[in-house]
Amino acid sequence: MSGFRSAVGRLLGRTGTTPVAPAGPVVEPPLVGFVVHGAGGVHPASAHVRVTGRLSALAATGAARVAQVEPTRWADGTDTAHLDVLLVQRDAFPASHLDAALARAASEGTRVVAEVDDDFFSREARARLARAEYDPQRLASVERLVHGADAVVVSTDRLRRVLADAGVADAVVVPNAVQPGLWDAGRTAPDPDGPRRVLYMGSATHTDDLDLLRPAFDGLTDDDGRPVRLEIVGVTGDEAATWYDRLPLPADATHYPDFVAFLRQHADRWSAGVAPLTDDPFNDAKSDLKFLEYTMLGLPFVGSDRPSYHGVEQHGGLLADDRPASWRQQLGTALREADQRVADARAYVTAERLLTADGPWRAALGL
């Protein structure tokens, strides 16, 4: 299909040497169409981490061709390309066109795979999303998708159990991973003068989580008496607070690889990274991605002792309960033992948590 000019989108590319042409007709690799937020190669972090990064790796193996799909045009048939697999992340397919897309997929033998990395299903999570003025149509899209898909991929076992309670059996767990080459392999060297800085990064929806840290950082110092200040990137829109510092994120750093490059550029500002989570079922279904990211940034990790981070303590991470004294104690340990804890965490992440195109994820696609 060398003349393929479908409107499904920009091919992510393929690599490898040119094989010797076999006798008989050439069979092209299957075509995987994907639907995520963003376009033109610029996508939110969740899309990059969960979908486009893995698809780029898949295309590089030559086992499949991959292309972004404009969902409404594929659903109504304007885009006539045949897809072997249609991979949809979260709520990226408009609810108004999803039934038509599922019907077309069934008639053409297209395998539909849903990719979900957050709890959109439990009663508590839906109430939280409603309080955040989450569009009900987005929730409807995710629910219809997971019940109509041939396979569902999730990021944690806790989320798999949430889906099972919602009537979706046999979801495939594919833990989050970091992309080789995207993160620096070096250990940070924080400025020896001035206050110690501790990084908390995330989307601007974590105000409740952030509040857990306020009493812990009130007057906090390290063993040498240096002040320890929290510095946030994203996390909350509150510009008036004075108990933490803010490092503004440039407008052009919303694309995940650019965001990672921004963090790497400033990595020597920080002595540790923190990831607080309130006691909330929605949070309990989240993954340990921040542990992976802080580790690859060269920072020792302190997170909430919640299901999302259980197990990181076996790999150099530290866990704190909700008490300020617990956070202070674990932050002190992280600062004192930073080099060894980062080394232990890096050894684990590079051995077991680098992104690939293989394993259960590829099997879920039916490839």
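Mentor: Happy to! Keep in mind that this is a predicted model. Let's begin with the strands.

Trainee: How do strands of a sheet pair?

Mentor: Through backbone hydrogen bonds, either parallel or antiparallel. Here, six strands form an open sheet in the order β2-β1-β3-β4-β5-β6, with parallel pairing. Its edge strands are β2 (65–68) and β6 (172–173), each of which pairs on one side only.

Trainee: How many bridges join β4 to β5?

Mentor: Four, between β4 (residues 111–116) and β5 (residues 151–154). To find your place, look for A114, which stands opposite V152 in β5.

Trainee: Which strands does α6 lie across?

Mentor: Helix α6 lies across β4, β5 and β6, and runs at about 140° to β5.

Trainee: Which strands does β11 pair with?

Mentor: β11 (residues 301–304) runs parallel to β10 (residues 272–275), joined by three bridges, with A275 opposite G303. β11 also pairs in the parallel sense with β12 (residues 318–320), again over three bridges; there, S304 has A320 as its bridge partner.

Trainee: Now the pockets. What shows where empty space is left?

Mentor: Rolling a probe the size of a water molecule over the atoms does. In this model, the second largest pocket has a volume of about 320 Å³.

Trainee: What lines the second largest pocket?

Mentor: There are 22 lining residues, and T156, D288, P307, S308 and H310 lie nearest the centre. By class, the lining has seven nonpolar, eight polar and seven charged residues. Helix α6 (residues 157–165) turns up again: it gives the largest share of this lining, three residues.

Technical notes. Residues are numbered from 1 along each chain as its sequence is written. This is a predicted model: local features need pLDDT of at least 70, side-chain atom pairs count only at pLDDT 80 or more; totals for chains, interfaces and linings use all residues. Side-chain values use heavy atoms; hydrogens and water are left out. On a 1 Å grid over the protein atoms alone, a cavity is a set of points where a 1.4 Å probe fits but cannot get out, and a pocket is an open set with protein on both sides within 12 Å along at least five of seven lines; lining residues have an atom within 4 Å of a point. Grid points are joined across faces, edges and corners, and a volume is the space filled by probe spheres set on the points. Helices (H or I, at least four residues) and strands (E, at least two) are DSSP runs, numbered from the N terminus. Ala, Val, Leu, Ile, Met, Phe, Trp, Tyr, Cys and Pro count as nonpolar, Asp, Glu, Lys and Arg as charged, and the others, Gly among them, as polar. Two strands pair if DSSP finds at least two bridges between them. Contact means heavy atoms within 4.5 Å. Axes are lines fitted to C-alpha atoms, for helices over the stretch in contact, and angles run from 0 to 180 degrees between N-to-C directions.
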